[in-house]
Amino acid sequence: MTTIESNQLHPDGTAVSPPLTVALSDVGSSDVLLVGGKGANLGEMLGSGFPVPPGFVVTAEAYRRCVSEAGIDVRLAEISRQAVAAPPDEVARMATEARHLVSGVGVPDDLVLAITDAYARSCHGQRVAVRSSATAEDTAETSFAGMNESYTNVTEADLVQRITDCWVSLFGERVVAYRAEQGLSNEPAIAVVVQIMVSSERSGVMFTCDPARRDELMIEAAFGLGEVVVSGSVEPDTYRLDRETASVREIRIGHKSHQITSGADGDVHEQIDGPGAWIRVLSDEEIHDVGSIGLDIETHYGTPQDIEWAYVGNDLFIVQSRPITTLDDDRSDSDTPRLRGLGVGARSASGAVRVLHSPKDGHRLLDGEVLVADMTSPDWVPTMRRA
């Protein structure tokens with residue numbers, strides 16, 4: 001694996017411009033400023049022998065160059081600075097303005113050619129996943145998981161447009177609000193990862209250290225593409241493993257009402273009716289295999305990981321890994337619960353319970369109340385920040 005340096009020099013002493021595209025196998029953990037958190041993590045794992053689908057990255061330099069040549073970089077930087085102190089309604093207005101500006105950015109011919117060449121070398125005409133990789137995401141201090149856009153089952157004809165759509169998502173309302181909350185006032189940048197599409201038959205997420213039960217590893221699994229688990233649109237199977245041995249401690253089968261599969265014309269949404277919705281996703285052996293590779297990745301990075309995985313037939317792939325940002329020591333003993341569910345963090349609090357069934361009802365949550373929802377998804381994030 002070759003680490004890409006953004007400050008390399010020609011023999012004559014002049015600076016070498018950072019590349020517009022780079023093979024995923026040529027980057028690693030130190031390349032976050034060039035390929036973003038997601039790209040750096042995927043390249044690091046691929047170069048370390050983990051089963052990561054091959055691909056390439058349209059670098060943050062490509063994004064910076066396009067917004068600079070379009071003459072909107074100064075205004076975008078102003079929006080990022082002003083959002084930190086702005087009220088929520090003003091943040092929403094500025095985010096809308098920024099998205100409008102970026103959506104009008106053209107992609108120059110030389111960048112289109114670079115993308116086409118990289119696609120031919122790395123993806124060989126196959127459909128791809130196009131995934132945002134912001135330069136501030138997936139660090140130990142911040143997590144932009146689920147905020148920037150990603151697209152599956154993308155053809156070569158749609159590739160450049162989807163890359164532009166990822167750029168636009170850098171200024172989604174939730175992203176801008178989160179950056180403001182974190183005090184991130186610097187101008188953001190984004191890279192885009194393009195990988196051969198993994199047409200998952202079974203997929204899910206894994207926390208190598210469950211924030212609510214520190215001695216356990218937790219796996220969530222569903223049928224089809226992992227979007228249904230990441231978005232919280234189905235109730236997945238939940239498997240809990242002993243962190244020391246990767247042996248199964250507990251299995252909870254969820255009601256998986258639908259799945260998303262890869263079709264000839266794009267993603268296909270399929271209902272799962274009757275007993276099929278209750279079929280267990282992973283066997284004991286597969287649970288152990290997923291857990292074991294998760295612990296190996298944790299060992300590689302030296303910190304617990306939030307990992308996205310997928311099976312195609314009997315082949316296991318890792319499609320993302322990021323540090324878990326919800327681990328802390330703010331825990332206390334609890335009495336026998338009157339309501340049970342899956343926790344989304346490790347902190348403890350007390351207050352009146354507010355049961356909400358839709359993110360649209362978030363305004364009903366009052367200060368000091370404990371939020372209870374049927375299922376969480378990224379749409380709940382603005383409400384959860386007040387819970």
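This briefing covers the overall make-up of the chain and a selection of its salt bridges. The model is predicted. The chain contains 10 helices and 15 strands, and a search of the whole structure gives 22 salt bridges. Among the residues described below are Asp165, paired with Arg162, and Glu216, which pairs with Arg213 and with Arg240.

**Overall make-up**

- Of the 387 residues in the chain, 47% are buried.
- The accessible surface of the chain is about 18,300 Å². Carbon and sulfur atoms account for 49% of that surface.
- Contacts between residues at least 6 apart in sequence join residues at least 24 apart in 63% of cases.

**A pair within helix α6**

- Asp165 and Arg162 form a salt bridge through their side chains, with an N to O distance of 3.1 Å.
- Both residues belong to helix α6, which spans residues 159–168. They are three residues apart, about one turn of the helix.
- Asp165 has a relative accessible area of 18% and counts as buried because that value is under 20%.
- Arg162, at 30%, is partly exposed, because its value falls between the 20% and 50% limits.

**Glu216 and its two arginine partners**

- Glu216 is buried, with a relative accessible area of 7%.
- One partner of Glu216 is Arg213, and the closest N and O atoms of this salt bridge lie 3.3 Å apart.
- Arg213 is partly exposed, its relative accessible area being 33%.
- Another partner is Arg240, whose side chain meets that of Glu216 in a salt bridge of 3.5 Å, N to O.
- Arg240 is buried, with a relative accessible area of 7%.

- Salt bridges that share partners connect Asp210, Arg213, Asp215, Glu216, Arg240, Asp242, Arg249 and Glu250 in one network.
- Side chains of opposite charge can pair when their charged atoms come close.

Conventions. Residues are numbered from 1 along each chain as its sequence is written. This is a predicted model: local features need pLDDT of at least 70, side-chain atom pairs count only at pLDDT 80 or more; totals for chains, interfaces and linings use all residues. Side-chain values use heavy atoms; hydrogens and water are left out. A salt bridge is a side-chain nitrogen of Lys or Arg within 4 Å of a carboxyl oxygen of Asp or Glu. Helices (H or I, at least four residues) and strands (E, at least two) are DSSP runs, numbered from the N terminus. Buried means under 20% relative accessible area, exposed over 50%, partly exposed in between (1.4 Å probe, protein chains only). Contact means heavy atoms within 4.5 Å. Accessible areas come from the Shrake-Rupley method with a 1.4 Å probe; for residues, only the protein chains shown count as cover.
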